[in-house]
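Biologist: Before we discuss any detail, could you put the model on the screen, so that we can go through it one question at a time?

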Amino acid sequence: MKRQAIERIIHGLLAAVAFTAVAILAMIVLFLFREGLPVFREVSVWGFLFGHEWYPTYDPPSYGIWPLIVASVAVTTLSCLIAVPFGILFAVYVAEAAPPAVKGVLKAVMELLAGLPSVVLGFFGMVVIAPLLQETFDLPTGLNIANASLILSIMAVPTIASISEDALYAVPREFKEASYALGATRYETIVRVVIPAALSGISAAVILGMSRAIGETMVVLMVAGGAAALPTSIFDPARPMTASIAAEMGEAPYKSGHYHALFATGIVLFFLTLAFNLVADYISHRFKEVGSATL
Amino acid sequence: MTADPFRITLRRRYRSERIFFLTLRLAVLLIGLVMLAIFGYIFANGYRAISWEFLTTPPSDSMTKGGIMPAIVGTFYLTVGAVAFALPIGVACAVYLTEYARQGTFVRLLRIGINCLAGVPSVVFGLFGLGFFVVFLKFGSSILSGALTLGALILPTIITAAEEAIKAVPQTFREASLALGVSKWRTVSRIVLPTALPGILTGSILGIGRAAGETAPIMFTAAAFFTARLPSSIFDEVMALPYHVYVLATAGTAIEETRPLQYGTVLVLAALVAGINLFAVLIRGYMRRGKRW
């Protein structure tokens, strides 16, 4: 009897500790709202999201984060245009074409690239890519959307590659065997059978890659240029939401409108990435091929 | 005589096959080259700045000379603190999910929570740390606030790794223990956890690597621009390697003149994090080979 009681207590304790992860998530939401919502006493939700003027330190201040949202979306989209093909090609090579020895090395390389601190990549963008862009295209500054997208794409490739690779591995052998038996070449099998069968996982990988890119801070803070105006070309400097929060939080006086506005930007960022993650989760579960039995 | 149409299509099909595999190799090669360029550039420019003095002295002359010792020490404290917070909670969470929980609403809620937490941007963790630890709990900008923020950030990584390690323990181990009349908790703590320990360690090492390289979460919660002394309590602000790189590269008094210091700091940070990750990858490879069940 006593042993059962102890077991029950342990079960309860573990459940309580396991709840910490959910509790932290709840606290994040709670504190974002607690510190962020007061800004809506000064500006309407519509004016905050779609206002074209981000002048938080002027008198009177103006809190419109539309240029920041546009910058975030521009940088993310552009970086994914570069990273998606490379990430998928890399995954296809590792999963379908690489010799076993090469495969191990490539996976280790990807893991190292994934682990590279973002501040290091940001630094690389500042000292190498920026002068390169500036000279090649004769620009006033090399710190711009193109530079940030390029560096972000380097960060997004490992995410996209590793998740796509898992999806490719999950395709049942029988699919490939049936395709070969019908006389298809390896290329035809990969492009017409394997990739379509893994498409849900690959889509999830792309969405997660975008979510990472939107939330990435140090790279855009260091190389996006920091101008809080609506960009008109990919060579314009811009200030994505994450960069705005990181750059200005140190100077915003505690409990000022500016401070609240930065937390409110955090709310937008949080729900944007949350939506991306939930969609990715839904896609990868909803359309998952469980095996040959599902066909 | 006209050519056999079947042969023509076959030739065309083999040509697309060759082009496709060539594209794959080129893409992989390009990624490899970019990576080599980054690591090569950092190493080629950084190694000259590194000396015993650079690693063991604090910055001097308003951070235009001297070393990075306080930043190394600060990163060490923050990282150790983060793991000390996240490891016990993460392992308990993994044990609960794999050994105790029954499928149901609570478990689904936990899984969704962990997934969402893993996707929260690092700067939002910074905001949370500022609002909760620094302001609400009045820890101030300190090692404690920074370590707890980083701990929250790496919690999902550690849970996932620990869960995988625990799942990899063969069911027969548990059955043998239970058949001897050992209670469930003793089975878990004496049989399952020790067997899963190497896997759990790999996960925590990956967590350490992640925590050591993050900048945004510590910007508002722990990192100091400059401190002459080493921290004396967990309520002190600290310098940290990633933040130091950012400060030197963007806000220093003489950005161009301090380039060697920047390259040196970047190399130390990149080597530290890459070394930690490599260590984890190697342990994992070694474990997979050495497994006998």
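Biologist: Which residues in helix 2 of chain A are buried?

Modeller: This is a predicted model, and in it a residue is called buried if 20 or more other C-beta atoms lie within 10 Å of its own. Helix 2 of chain A has 17 residues and reaches 23 Å from its first C-alpha to its last, close to the 24 Å expected at 1.5 Å a residue. Along this helix 2 of chain A, the buried residues are T20(A), A21(A), I24(A), L25(A), I28(A), F31(A), L32(A), E35(A) and G36(A).

Biologist: How are the buried residues of helix 2 of chain A placed around the axis?

Modeller: The residues in question run from T20(A) and A21(A) through I28(A) to E35(A) and G36(A), with others in between. Because the arc that they cover around the axis is only 145°, they are put on the same side of helix 2 of chain A.

Biologist: Which helices of chain B do the buried residues of helix 2 of chain A pack against?

Modeller: Within chain A, these buried residues pack against helix 1 (2-18) and helix 13 (257-286). Across in chain B, they pack against helix 3 (69-100), helix 4 (105-119), helix 5 (122-136) and helix 6 (143-167).

Biologist: Which element of chain A gives the most to the side that touches chain B?

Modeller: The two chains meet through 64 residues of chain A, which are in contact with 66 residues of chain B. With eleven residues, the element that gives the most to the side of chain A touching chain B is helix 2 (residues 20-36).

Biologist: How many nonpolar residues does that side of chain A have?

Modeller: Sorted by class, the side of chain A that touches chain B has eight charged and twelve polar residues. The nonpolar residues on this side of chain A come to 44.

Biologist: Which residues of chain B is Y93(A) in contact with?

Modeller: Y93(A) is found in helix 4 (residues 66-97) of chain A, and it counts as buried because it has 24 C-beta neighbours inside 10 Å. In chain A, E165(A) is 72 residues away from Y93(A) in sequence but 9.1 Å away in space, C-alpha to C-alpha. Leaving aside neighbours within four places in sequence, Y93(A) is in contact with A98(A) of its own chain and, in chain B, with L24(B) and V28(B).

Biologist: Why is chain B described as more spread out than a compact globule?

Modeller: Chain B has eleven helices and two strands, and its C-alpha trace spans about 85 × 75 × 35 Å along the principal axes. For 293 residues the globule rule gives 19 Å, and chain B is well over this, so it is more spread out than a compact globule, with a radius of gyration of 25 Å.

Biologist: What distance separates the centres of the two domains, domain 1 of chain B and domain 2 of chain B?

Modeller: Chain B is divided into domain 1 (1-46) and domain 2 (52-290), and four residues of domain 1 of chain B are in contact with five residues of domain 2 of chain B. By class, the side of domain 1 of chain B that touches domain 2 of chain B has two nonpolar, two polar and no charged residues. Taken over C-alpha atoms, the separation of the centres of domain 1 and domain 2 of chain B is 38 Å.

How values were computed:
Residues numbered from 1 in each chain as written. Chains lettered and ligands numbered in written order. Predicted model: local features only at pLDDT ≥ 70, side-chain atom pairs only at ≥ 80, totals over all residues. Helix = DSSP H or I, 4+ residues; strand = E, 2+ residues; numbered from the N terminus. Rg over C-alpha atoms; globule rule 2.2 N^0.38 Å. Domains from an automatic or database assignment. Contact = placed C-beta atoms within 7 Å. Nonpolar A, V, L, I, M, F, W, Y, C, P; charged D, E, K, R; others polar. Buried ≥ 20, exposed ≤ 12 C-beta atoms within 10 Å, placed from the backbone. Expected span 1.5 Å × (residues − 1). Arc of directions from axis to C-beta.
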